[in-house]
Amino acid sequence: MATDATRADFEREALPHLDTVYRVALRLSGDSTRADDLTQETMLKAFRAWPTFREGTNARAWLLTILRNQFINEYRRDRSRGPTVDVMEMEGYTVFKDVQEADPEGRFFDQIVDERVLEAIDALPEEFREAVVLSDLEGLSYAEIAEVVGVPVGTIKSRLYRGRQALQKTLFNHAVEMGYIRGRSR
Amino acid sequence: MSDPVFDCRAAVDHLYDYLDGELTTADADLVRAHLEACAHCFRFFDFEAAFLRFIEARRRGEHASPELRRRILDQLLSEGDPPAP
């Protein structure tokens, strides 16, 4: 049995991030059962490696790094979800150009229900989805995301830019379809 | 950012760094000064800020289930002490 002190330490430093780990697992895997398993495996792995954890280490970033490796090793081989958004088209495009006359403050966004927002995030290609989820849904800094993903900050910035613009475009198209806003006549 | 001409292009290049609070104070001041002088960029940044707030508001929607939390705590209880490094 683990000593109470070790467990208390882990429960204080790591467990508060359980919901974050679960939410990111859910967005990465797209499946709540897989997300449960990934979360459990991540927490167990973190607990077993706990003696290597040093005070001052960013526990959240560390847990998310473990989660991501777990996901890549175990789940990504089975690619059941194909990305549906072409992020490469995003260079130089902004939704603002289409809405600046009708709705420059982006009020139409508020009519879109949460479920559609998450669907739109899930439709992003993985590396862009990952950046958007860690930044916009979980509030990590660029440096933290770069640490978790293991790429330079500049790469994260570029993925965030393209991911956000692609997400905006998907949501805008949805809003036009639903009649929340008029599409620009071309 | 040593270029004395901080134009729309330069401001837009820093769109998300600025909105995410990732710029140094000096660079953020340059962007802010541009936004004060350029109504078009101001509106564009305003729109993007609204978009980010909108996404952020979806932040805390989901939680690990009580069953999952219980499962993890039970597993930690049955684990031996992690090996010392």
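**Entry 1. Conventions and confidence**

I noted that residues are numbered from 1 along each chain as its sequence is written, and that chains are lettered from A and ligands numbered from 1 in the order in which they are written. As the model is predicted, local features need pLDDT of at least 70 and side-chain atom pairs count only at pLDDT 80 or more, while totals for chains, interfaces and linings use all residues.

I looked up pLDDT, the predictor's confidence in each residue, from 0 to 100. Chain A averages 88, with 89% of the residues scoring at least 70. For chain B the mean is 88, and 87% of its residues reach 70 or more. For the complex, I recorded an ipTM of 0.85 and a pTM of 0.88 from the predictor.

I then read the values by element. In chain B, the lowest mean among the elements, 92, belongs to helix H1 (residues 8–13), and the highest, 96, to H2(B).

**Entry 2. Chain A as a whole**

I counted elements as DSSP runs numbered from the N terminus: helices are H or I, at least four residues, and strands are E, at least two. Chain A comes to nine helices and zero strands. I called a residue buried if 20 or more other C-beta atoms lie within 10 Å of its own, exposed if 12 or fewer, and partly exposed in between, with C-beta atoms placed from the backbone. Of the 186 residues of chain A, 39% count as buried.

For contacts, I required that the C-beta atoms of two residues, placed from the backbone, lie within 7 Å. Among contacts in chain A between residues at least 6 apart in sequence, 74% join residues at least 24 apart.

**Entry 3. The two domains of chain A**

The domain assignment, automatic or from a database, divides chain A into domain 1 (4–74) and domain 2 (87–178). Their centres, taken over C-alpha atoms, are separated by 25 Å. I found eleven residues from domain 1 of chain A and eleven residues from domain 2 of chain A in the contact.

On the side of domain 1 that touches domain 2, helix H2 (18–29) and helix H4 (59–74) of chain A are the elements that give two or more residues. H2(A) supplies the largest share, five residues. By class, this side has four nonpolar, four polar and three charged residues. I took Ala, Val, Leu, Ile, Met, Phe, Trp, Tyr, Cys and Pro as nonpolar, Asp, Glu, Lys and Arg as charged, and the others, Gly among them, as polar.

**Entry 4. Helix H3 of chain A**

Helix H3 (residues 32–48) of chain A has 17 residues and reaches 24 Å from its first C-alpha to its last, close to the 24 Å expected at 1.5 Å a residue. The expected span is 1.5 Å times one less than the number of residues in the helix. Among the buried residues of H3(A) I listed Asp36(A), Leu38(A), Met43(A) and Phe47(A). Their cover includes H1, H2 and H4 of chain A together with H5 of chain B.

**Entry 5. A loop residue**

I looked up Ala102(A), which lies in the loop between H5 and helix H6 (114–122) of chain A. Ala102(A) counts as exposed because it has 12 C-beta neighbours inside 10 Å. Not counting residues up to four places away in sequence, Ala102(A) touches Ile181(A) and Arg182(A).

**Entry 6. Chain B and helix H4**

Chain B has five helices and zero strands. Buried residues make up 14% of its 85 residues. Helix H4 (residues 39–56) of chain B has 18 residues and spans 25 Å from first C-alpha to last, close to the 26 Å expected at 1.5 Å a residue.

The buried residues of H4(B) are Phe44(B), Phe45(B), Phe47(B), Glu48(B), Phe51(B) and Ile55(B). They lie on the same side of H4(B), because they cover an arc of only 155° around the axis; the arc is that of the directions from the helix axis to the C-beta atoms. What covers them includes helix H5 (96–99), helix H7 (126–137) and helix H9 (153–178) of chain A, together with helix H2 (15–19) and helix H3 (25–37) of chain B.

**Entry 7. Where the chains meet**

The contact takes 31 residues from chain B and 37 residues from chain A. On the side of chain B that touches chain A, the elements giving two or more residues are H4 and helix H5 (66–78) of chain B. H4(B) gives the most, with ten residues. I recorded the classes on this side as 16 nonpolar, four polar and eleven charged.
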